[in-house]
Amino acid sequence: MKLKEILRDVEVLDLQADMELEISGISCDSRKTKPGDLFVAVKGFESDGHKFVAKAVEKGAVCVLCEDMPETDIPCIRMANTRVGLAAVSANFLGRPAEKLKIVGVTGTSGKTTTTTLIRELIEKLTGEMCGLIGTNVNIVGGVETEASRTTPESIEVQQLLYDMVEAGCKYAVMEVSSHALCLSRVYGIPFEAAVYTNLSLDHLDFHGTMEEYAKAKALLFRQARHGSVNLDDEYASVMLEAAECPMMTYSARDNEADLVAKDIRFSAGGVRFIAVSDEGLDTVKMRIPGRFSVYNALSALSALKMLGLPVADAAKALAECPGVKGRAEVVPTGTDYTVLIDYAHKPDALENILSTIRECAEGRVVTLFGCGGDRDRTKRPVMGEIAARYSDFVVVTSDNPRTEDPMAIIGEILPGLKGSKTPYKVIENRPQAIRWAMENAQPGDTIVLAGKGQETYQEIGHEKFHLDEREVVRDVLAGKA
Ligand SMILES: Nc1ncnc2c1ncn2[C@@H]1O[C@H](COP(=O)(O)OP(=O)(O)OP(=O)(O)O)[C@@H](O)[C@H]1O
Ligand SMILES: [Mg+2]
């Protein structure tokens, strides 16, 4: 493709290249650069792409897009922000796939994976069209699942996934949009048909600094959407509504003023049930995932379908058939007189939500087993400890993904949160052994909550991923193997 097409609508400051130059690929990681590529030098957190221009040229790059002019003989284009540039040239190079799909974006601290999984199921059920998915657990293109690298990947990968979806015949796509992605232009230039805001709570302050900045980051999504919906019960709903540059609808489980309201809510260990009240009427909603947050995830999914112009009544009916989401309030079959439940909660509000839900419908004790991730926001560690103690009858403190941090040091930062309470606890650093201990000491009617790993089937220690699937550990303990 000619450089002039790749730079369509891209604002450049300094052009030292022939616009007729032929470009055969885009790369921003010199290890992946191929002959004929346009290499985009991006300033990262760990490394700066400008340092790898020479490497990229060695690998055959024929042109560089940069913020600072590098020492090189090959043609260069300078622009203010190459993260924006990377998104724009990737989209142009792939024929702007986002414009060939109806895309739903979901943002919020918690509920993105659950809600996007539900929205995809509902779109396919109601329209019969294929819907792609980009998320934390998996990416789905034309019905084929591939493992995901992060909640919202780099723009070059997002554009490639959208392109593959179009090629595979998808008419719709739904994606989790993290606050990092919005700040780092990973979804730059994507015209979302509908955007949904779930909630905001303590997380990522290592990146955003304050909750206000974190909220502002999320609100960016509503500046590139055609329709938006907001959880009116959330403290930061007004930030989203004020920043929006599109028509906005609201949903609530409390406020009758909202456009979509959950009434007559019923909870059980197996799920939730409520009446959805909207300008389309009253519709009964049933969902097979327990918890108060599941009412909100159902409302956010229904609001997305409504913004796509699909009837709430049909969406509500289809929701009842949706299976649960892997690693989200997932009950592991044990055949014993106690329950083992796996949940991805690894943030204070998510842990509070899942434990308060379990507390509401548990017969026996609530036994919580959890840890905190290494090389991540440390402020939440004692908070998680305090929440686990508040909602549990017994707590087992263990490792999550320690990464490069000392596992016992992480546990040391969690314990102050437990020390203030009367809830008994035990420290077992090795996670499989902690799970075995919890099961061997279970009492009839207990619910053992394995929190934090969710769908993950590995443990990150140092820079390596070691296989660890909690479902397998539970089975091995039951079989007397572990
Ligand atoms: N709407 C919600 N509000 C609060 N907590 C929720 C909500 N939905 C799910 N949770 C809890 O948070 C956990 C994570 O949910 P989910 O994976 O859907 O969130 P996410 O936004 O995708 O998280 P991440 O940012 O890690 O991708 C669940 O396992 C559940 O405990
Ligand atoms: Mg997610």
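**View 1. Phe370 and its neighbours in the predicted model.** In this predicted model, Phe370 touches Met384, Gly385, Ala388, Val395, Val396, Val397, Thr398, Ile414, Arg431 and Ala451, leaving aside residues up to four places away in sequence. Keep an eye on Arg431, as this contact of Phe370 comes back in the view of helix H15.

**View 2. The largest nonpolar core.** Here we step back to a core of 67 residues, in which Phe370 joins Val104, Ile119, Leu319, Leu351 and Ile354 as the members that touch the most others. Helix H10 (residues 292-307) supplies the largest share, ten residues. Domain 2 (97-319) and domain 3 (330-478) each contribute at least three residues to this core. Another core, of 33 residues, lies apart from it and includes Val141, Ile190, Ala195 and Tyr236.

**View 3. Helix H15 and its buried face.** Within H15 (residues 431-440), the buried residues are Arg431, Ala434, Ile435, Ala438 and Met439. Viewed down the helix axis, they fall within an arc of 130°, so they line one face of H15. Their packing partners are strands E19 (366-370), E20 (394-397), E22 (447-451) and E23 (458-461), together with helix H16 (470-478).

View 4. Thr136 sits in the loop between strands E7 (131-134) and E8 (138-141), while Glu176 belongs to strand E10 (residues 172-176), 40 residues apart. Both Thr136 and Glu176 are buried.

Terms used:
Residues are numbered from 1 along each chain as its sequence is written. Chains are lettered from A and ligands numbered from 1 in the order in which they are written. This is a predicted model: local features need pLDDT of at least 70, side-chain atom pairs count only at pLDDT 80 or more; totals for chains, interfaces and linings use all residues. Side-chain values use heavy atoms; hydrogens and water are left out. A nonpolar core is a set of buried Ala, Val, Leu, Ile, Met, Phe, Trp, Tyr and Cys residues joined through side-chain atoms within 4.5 Å. Buried means under 20% relative accessible area, exposed over 50%, partly exposed in between (1.4 Å probe, protein chains only). Helices (H or I, at least four residues) and strands (E, at least two) are DSSP runs, numbered from the N terminus. Domain bounds come from an automatic or database domain assignment. Contact means heavy atoms within 4.5 Å. The arc is that of the directions from the helix axis to the C-beta atoms.
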